[in-house]
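Here are a few notes from going through the model. Have a look at the structure before reading on.

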Amino acid sequence: MLKLLNSELFLIYLKPTLIFILAGLCEIGGGYLVWLWIRENKSIGIGLLGFIILGFYGLVATWQPANFARTYATYGGTFIVMSLAWAWKFDDFIPNKFDLIGSAIALIGVMIIFFAPR
């Protein structure tokens with residue numbers, strides 16, 4: 001297991017991807033809790049938890065090895081895909097073919113931005 005965690009594959013591709021997923025869960029999940037508080041009249045505790053999770057998202061973003069510009073550009077595309085998946089799971093939203101095509105294009109774009117050899 002330690003060999004995998006120190007491998008080039010993990011350090012270059014898998015670790016940043018896992019960090020993007022964690023950040024996405026924090027931003028989308030935290031934002032969703034604030035949304036529920038404001039838009040669906042849930043308790044203020046739900047909103048405060050959302051703000052805390054959103055703050056943690058800001059910390060998680062700093063764990064990426066790339067610079068600020070590439071990191072946040074890549075978050076943008078990653079969050080497109082993750083927000084549609086979140087809405088599908090938690091908000092009864094069913095993505096159509098254009099949502100899926102747009103998500104695929106965004107994901108391809110961010111992979112080029114973040115993982116292209118420099």
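This is a predicted model: local features need pLDDT of at least 70, side-chain atom pairs count only at pLDDT 80 or more; totals for chains, interfaces and linings use all residues.

1. Numbering runs from 1 along each chain as its sequence is written, and side-chain values use heavy atoms, with hydrogens and water left out.

2. Helix H3 spans residues 44-61; helices here are DSSP runs of H or I, at least four residues, numbered from the N terminus. Its 18 residues reach 26 Å from first C-alpha to last, close to the 26 Å expected at 1.5 Å a residue (1.5 Å times one less than the number of residues).

3. Which residues of H3 are buried? They are Gly-47, Gly-50, Tyr-57, Val-60 and Ala-61 (buried is under 20% relative accessible area, exposed over 50%, partly exposed in between, with a 1.4 Å probe and protein chains only). They cover an arc of only 125 degrees around the axis, so they sit on the same side of H3; the arc is taken from the directions from the helix axis to the C-beta atoms. On the other side, Ile-44 and Ile-52 are exposed.

4. Gln-64 is in the loop between H3 and helix H4 (68-90), and counts as buried at 7% relative accessibility. Beyond neighbours within four places in sequence, Gln-64 is in contact (heavy atoms within 4.5 Å) with residues including Pro-16, Phe-20 and Tyr-75. A polar atom of the Gln-64 side chain lies 3.1 Å from the backbone oxygen of Pro-16.

5. Ser-83, in helix H4, is partly exposed at 31% relative accessible area. A polar atom of its side chain lies 3.1 Å from the backbone oxygen of Ile-80.

Key:
Helices (H or I, at least four residues) and strands (E, at least two) are DSSP runs, numbered from the N terminus. A polar contact is a pair of N or O atoms within 3.5 Å; within protein, one must be able to donate a hydrogen and the other to accept it, and residues adjacent in sequence count only if both atoms are side-chain atoms.
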